[in-house]
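User: Hi! I'm new to protein models and would like to learn how to read one. Could you walk me through some features?

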Amino acid sequence: MSDSKKSNVTRRTLLKAGAAMPLLGIAAPSVLAQTPLKSPTKIHDFMTNADVEKAEQEGQLVFYCHENEPGTAGIMEGFRKDFPKINTSYVRAQTGALYTKILSERSAGRFDVDVIQLSDLAPAVDFQKKGGYEHYVSPETPAYKADHLSSPAGSFFWTGVDPAGIAYNTTKVSAADAPKTWQDILNPRWKGSISCKISASGLQFVQWYTLRKLYGAGFWKEFAKQNPHAFDSRVQLFDRLAKGDDTITAIGEYPAYILFKDKGAKVEFVAPADGLPATPLIVGAVSKAPHPEAAKLFVDWAMSKRGQAWYQTNPNLYYGSVRTDAPPMPTGVRLGDLKLLYPADWDDYAANRDVFAKEWNGMLGL
Amino acid sequence: MAGYGVAAVAAVLVLYPVFFLFQAALDVGDPQVRPPTAYGFDNFNGIFQYPQILLNTLTVSVAATVMALVFGFVMAWILTRTNVPGRHLFEQLMAVPYYLTPLLGALAWSLLGSPESGFINQIWRALGGTGHLIDINTAYGIAWVMALFEGSVAFVMIAAVMKSMDPALEEASQIIGASRLRTMLRITLPLVIPGVLGAAIFVFAEMLGSFAAALVLGTPNRYYVITTAIYQLVQQYPPKIQVAAAMGVSLFAVMFFMLFLYRRIVMAGSYVTITGKAFRPRVADVGPLRYVLLGVCVLYLLAAVGLPLVTLLYASLQKIAVAFPTAENWTLDNFRVAMTMNAVRSALTNSLLLGFGTATIGVVLMGLLAWLIYRSRLPGSGLIEYVVMFPQAVPRLVFAFGLMWAWVVFPIPIYGTLWLLLLAYLTVFLPLGVRTIAGVMLQIDKSLEECAQMCGAPWAFRVRTVTIPLLMPGLIAAWLLLFIASIRELGASILLMGPHSKVITPSIVESWFGTSSELTTTLALIQTLVVAIAMIVLVAVTRRVGAHPVD
Amino acid sequence: MPASLPGAPASSSPSKPHIEVDRLELYYGSVPAVRGVSFNVLPGEQLTLLGPSGCGKTTTLRAIAGLEQPTAGEIRIDGVTVYSAEQRINMRAEKRGLSMVFQSYAIWPHMTVFENVAYGLRVRRAGAAEIAEKVHHALDMVQMRSFASRRAAQLSGGQQQRVALARAFVFSPSVLLFDEPLSNLDAKLRADMRIELRELQHRLGITSVYVTHDLEEALAMSDRIVVMRDGLIEQTGTPDEIYRLPNSAFVADFVGSANLIRGRHRADLDTDGLIALETPAGHIVHGMAYGRPVGAELVVSVRTVHLRISTEPPAAAQNVWRVPVRQTVFQGDFTQVHLGWGPQHLIARCAAMEPLAAGREVYITVEPRHVVVLGA
């Protein structure tokens with residue numbers, strides 16, 4: 001993982017690294033040891049440590065992503081707009097399946113991936129431990145708080161946040177009957193017409209963990225009695241909600257709500273007072289990538305104002321950006337305005353993955 | 001000899017993945033570690049944790065088989081034994097649902113028959129009804145779609161039985177003085193029943209391995225059958241590969257047994273349906289009843305072709321598909337977005353490329369195999385026939401499973417590429433291709449080739465000047481069949497697609513599970529259109545090239 | 001393995017056989033088709049294998065052709081062993097230099113008449129000019145010249161037959177094999193073609209082996225006939241020999257219709273070189289042994305055409321009986337009369353005559369030389 005570059009650091013790079021130190025906190029010494037040779041170059045309106053020419057020569061970027069297809073295609077579209085010489089291709093699968101896939105490929109000796117985006121912090125940390133990420137510190141790093149980077153920085157960063165509340169179909173549910181708190185999803189009147197996500201989903205895992213912490217293990221056991229329908233993507237959930245196939249969804253993702261409201265769907269979003277479970281969306285360059293320079297370039301692009309603006313405004317994404325200088329989301333809401341629920345202890349969270357999967361799959365019948 | 005080389009290729013194609021399938025099923029060690037650390041039968045116990053799934057599978061398969069047989073019998077009767085107008089046209093049209101693929105049928109019927117949002121139910125409520133008229137997301141709904149779109153094989157088989165019946169047998173009954181009804185009950189029906197029974201077994205085996213309808217209609221409702229359960233187990237996190245493999249092996253065992261039964265009862269040895277002498281069956285004049293029967297035919301085709309296509313179009317033009325859209329709901333956006341989706345464009349190109357490749361290589365490979373099994377007198381040709389027909393007993397999904405494991409560890413890096421899909425298609429289509437070509441081959445009088453021999457022509461010269469020209473119509477038909485089959489393939493492709501090897505039908509499924517239903521229907525329509533155009537072009541070209549009728 | 005045989009007509013001395021079939025056996029699994037058959041074919045002669053269906057004649061022919069693999073025996077063509085079980089030789093059909101006309105004609109529908117006939121020459125890499133000349137010549141000989149550019153699939157049965165024939169001899173093979181080539185034609189055409197084939201064969205001087213179940217065909221066309229039954233040879237001889245001197249009941253009845261009469265040898269009544277036989281009903285019949293062994297019990301054969309019917313007593317010394325007519329069957333060119341003779345039925349075939357009323361008593365007689373003692 002750590003490339004042993006020559007310690008021929010220039011004064012300039014040292015200064016830059018030094019300037020980043022207070023933000024990075026702990027990792028300063030190791031960052032110094034791995035400072036890249038070149039000085040960052042400016043491309044479009046952001047800084048990159050990648051060799052843009054070489055990246056364009058590589059001509060390809062292979063992207064593994066958890067997003068639904070229009071979302072993933074959307075991300076690729078954004079990158080291609082700025083770097084048309086680089087052909088993009090992607091594989092999309094829910095986080096759990098995606099992570100399994102990349103691990104089994106690597107164990108069989110296949111290294112075909114340049115960048116991976118996951119919707120769950122736990123596999124990201126695990127991947128980092130396994131040396132799956134390329135150690136690469138982007139010059140855009142200073143724009144991020146330490147909490148929103150890998151520890152130590154250089155493996156991955158939070159490219160966005162996806163919060164979820166409750167959403168319901170307004171033609172089927174009057175405002176009076178609408179759910180207001182998380183406890184309301186346990187109401188037997190929603191039995192058989194409530195939806196959630198499959199166990200491979202990162203966000204679903206976060207919701208399970210955080211609400212369990214808040215309301216106890218019995219909460220989800222009660223929820224199982226609702227016989228929920230589980231799906232892979234938020235678009236599917238809202239599709240069914242909008243058409244009335246489901247009455248309410250227990251995991252209404254804010255980005256999807258915005259998208260469907262635009263389409264004229266009769267849906268409404270509820271932000272319970274106790275908070276919205278949210279998962280970070282993690283992007284990192286993969287080690288032993290077939291197109292390493294393109295990978296680095298992508299990371300820089302994604303981290304930049306430009307990339308973040310794309311992530312935030314593309315209708316198939318609508319992510320909330322955690323960049324310290326990011327503008328509000330298209331609805332005018334800032335991430336900071338929402339009460340977000342993250343797992344307090346990420347390690348405990350990661351350790352509970354299997355427990356969650358077993359319980360969740362059992363609830364869904366497999 | 002070269003013959004054994006071809007046979008060896010076929011054997012490797014078929015048996016290599018099956019070995020890995022069994023290995024995964026018997027692997028009771030750590031699932032992440034390959035090769036397996038421990039072997040045992042524990043995984044099979046895992047199946048019994050899901051008795052509901054077995055029950056579901058049986059329910060759906062039996063219901064679908066019964067429905068398919070009813071449709072098939074009725075349509076076969078109408079089209080081969082009565083003088084309903086447009087008989088020959090309808091017979092050709094009966095193949096269209098097969099080309100449309102059960103996935104499309106499932107998508108369309110989902111839009112039509114979902115209890116809340118289905119168009120039919122919306123219309124029902126608008127007319128004053130309460131609740132819903134039909135619920136397509138149930139066992140019988142799934143069976144209905146399966147029967148409509150996968151059941152045309154029942155029609156083909158029963159029609160063949162009816163056509164091969166000597167009309168003199170019925171005439172003898174009538175001369176003696178029996179009424180038409182009595183003749184049908186005492187003579188025709190008993191003669192037809194063995195063939196129908198054979199069709200029943202065959203169709204049941206196919207329905208057991210069916211995937212598309214249950215995936216689209218059953219999964220959202222947590223209604224699983226074995227194939228969709230296997231898929232879920234593989235896709236979920238963490239994946240339960242070993243249990244899935246055990247399920248796959250069990251399903252395979254049942255299907256194998258059913259097809260073995262079929263072979264015993266009907267075929268008496270060979271997988272090729274030799275119709276032999278083609279009789280001209282008596283066509284009964286049913287008078288004015290034939291317009292009623294015409295209505296039945298039209299109704300069937302509406303349900304299977306017309307309605308689904310119109311529904312898909314209707315939905316694709318709306319933002320949120322409803323039965324009674326308001327003016328603002330109409331949009332061309334879905335088409336715009338669909339056209340920009342790279343995955344679709346590359347999937348279409350890939351599928352067409354793959355179709356060409358599979359069909360061309362397949363025709364050569366399967367032609368050689370057909371000749372080897374049915375025409376040459378090499379010892380062991382019976383064994384080769386078994387190997388070639390093997391994939392029919394394995395549901396595609398299960399087979400792809402084995403393929404996945406088999407080729408990941410293969411030294412040549414074909415995993416995740418179109419080459420892997422090509423291999424998969426060639427393997428799973430072996431029974432189809434060999435059977436089609438063999439059927440034509442066996443109709444060619446052996447003496448035509450023997451005469452060439454007696455004129456002194458060595459093998460290669462004979463094949464080039466006599467065998468292939470005579471086979472040409474059959475080879476072309478097989479080519480087209482393989483082309484279409486590879487484009488509509490779902491079960492195997494869905495597990496073997498990679499980033500650079502996306503193909504049409506699984507892409508539609510991905511879209512169903514990942515984007516709006518309107519966008520999905522748009523994709524489905526675009527792809528159907530492109531394939532239809534490709535087919536028309538191909539048929540036109542081959543008609544030009546096409547050979548002369550065989551005597 | 002000997003190279004392919006040359007395609008020139010055999011020129012060796014007339015007594016040396018062209019084709020030798022030696023103790024040929026062919027079993028399909030455990031089912032016997034040919035159970036030990038031996039015969040020779042002399043150069044330029046037409047030998048016919050005659051017998052009912054299932055007797056093994058076609059199998060034998062195809063074995064000679066190389067289209068079936070025998071189980072035991074030897075086949076030699078022009079002295080070259082093309083098949084030998086012992087020496088494990090089995091020359092491929094295309095190398096034996098033979099030619100064959102198939103029962104179904106086997107005309108290739110995707111080629112023109114010209115191309116069909118030219119095939120054998122193309123295989124032999126003949127030049128275009130040579131092909132054109134030979135094909136046209138062959139088509140002339142079968143009167144199909146004007147059909148040369150016609151699509152083969154459009155021909156009638158008889159036309160296909162001629163084309164098949166032309167195709168078979170165009171490349172001057174030394175041997176022609178015929179597998180019931182006329183059986184699919186109607187009776188009139190068959191009769192005509194028989195004569196044409198015979199003439200053709202004589203003109204070309206090709207050695208022929210001909211298979212048929214049709215007696216008339218065999219008698220009309222052959223130099224020699226081999227009668228087969230159940231995979232074995234019943235009798236070999238010229239048409240005349242076989243007809244006049246059948247050596248078994250089977251041959252007697254198969255080759256022309258015959259009455260079979262059983263009885264005790266009455267040596268005391270033998271006279272003038274004639275053998276006397278007494279039937280169980282007491283009739284005395286005189287016939288000739290023709291060198292066959294005469295045992296205590298005998299069977300003799302009397303051809304139906306040799307039984308003379310008259311209303312007046314005939315002036316013969318032996319073999320005269322007065323019998324009732326049971327039935328007459330009008331057959332156009334001849335009439336078949338069924339007569340009662342003791343407990344036995346006799347059948348007589350006569351030229352068309354006035355129908356005889358059933359029950360009418362007539363006189364029948366047969367010359368003793370036409371009463372043939374059968375072999376074992």
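Predicted model: local features only at pLDDT ≥ 70, side-chain atom pairs only at ≥ 80, totals over all residues.

User: Is the crossing of α3(B) and α7(B) left-handed or right-handed?

Analyst: The crossing in which α3(B) passes α7(B) is right-handed.

User: Which residues of α3(B) and α7(B) meet?

Analyst: You can look for them in the structure. From α3(B) the contact includes B:N56, B:T59, B:V60 and B:F71; among the residues they meet in α7(B) are B:Y140, B:I142, B:W144 and B:M146. Sorted by class, the contact of α3(B) with α7(B) has 13 nonpolar residues, two polar ones and no charged ones.

User: Now for the chains. How many residues does the contact take from chain B and chain A?

Analyst: The size of an interface is often given as the accessible area lost when the parts come together. Here we can count residues instead: the contact takes 35 residues from chain B and 35 residues from chain A. On the side of chain B that touches chain A, the elements giving two or more residues are α12 (226-235), α16 (342-374) and α24 (504-514) of chain B. By class, that side has 15 nonpolar, 15 polar and five charged residues.

User: And how many residues of chain B are in contact with chain C?

Analyst: There, 21 residues of chain B are in contact with 18 residues of chain C. Two or more residues on the chain B side come from each of α21 (446-454) and α22 (459-488) of chain B, and α21(B) gives the most, with seven residues. This side of chain B has 14 nonpolar, four polar and three charged residues.

User: Last one: where in chain B is confidence lowest, and where is it highest?

Analyst: Let's start with the whole chain. The mean pLDDT of chain B is 82, and 92% of its residues reach 70 or more. Confidence is lowest in helix α2 (residues 42-47) of chain B, at a mean of 77, and highest in α21(B), at 91. Take care with residues 269-276 of chain B, where the pLDDT is below 50. Residues 547-551 of chain B also stay under 50.

Definitions and conventions
Residues numbered from 1 in each chain as written. Chains lettered and ligands numbered in written order. Contact = placed C-beta atoms within 7 Å. Helix = DSSP H or I, 4+ residues; strand = E, 2+ residues; numbered from the N terminus. Nonpolar A, V, L, I, M, F, W, Y, C, P; charged D, E, K, R; others polar. Left-handed = near helix turned anticlockwise from the far one by under 90°. pLDDT = per-residue confidence, 0-100.
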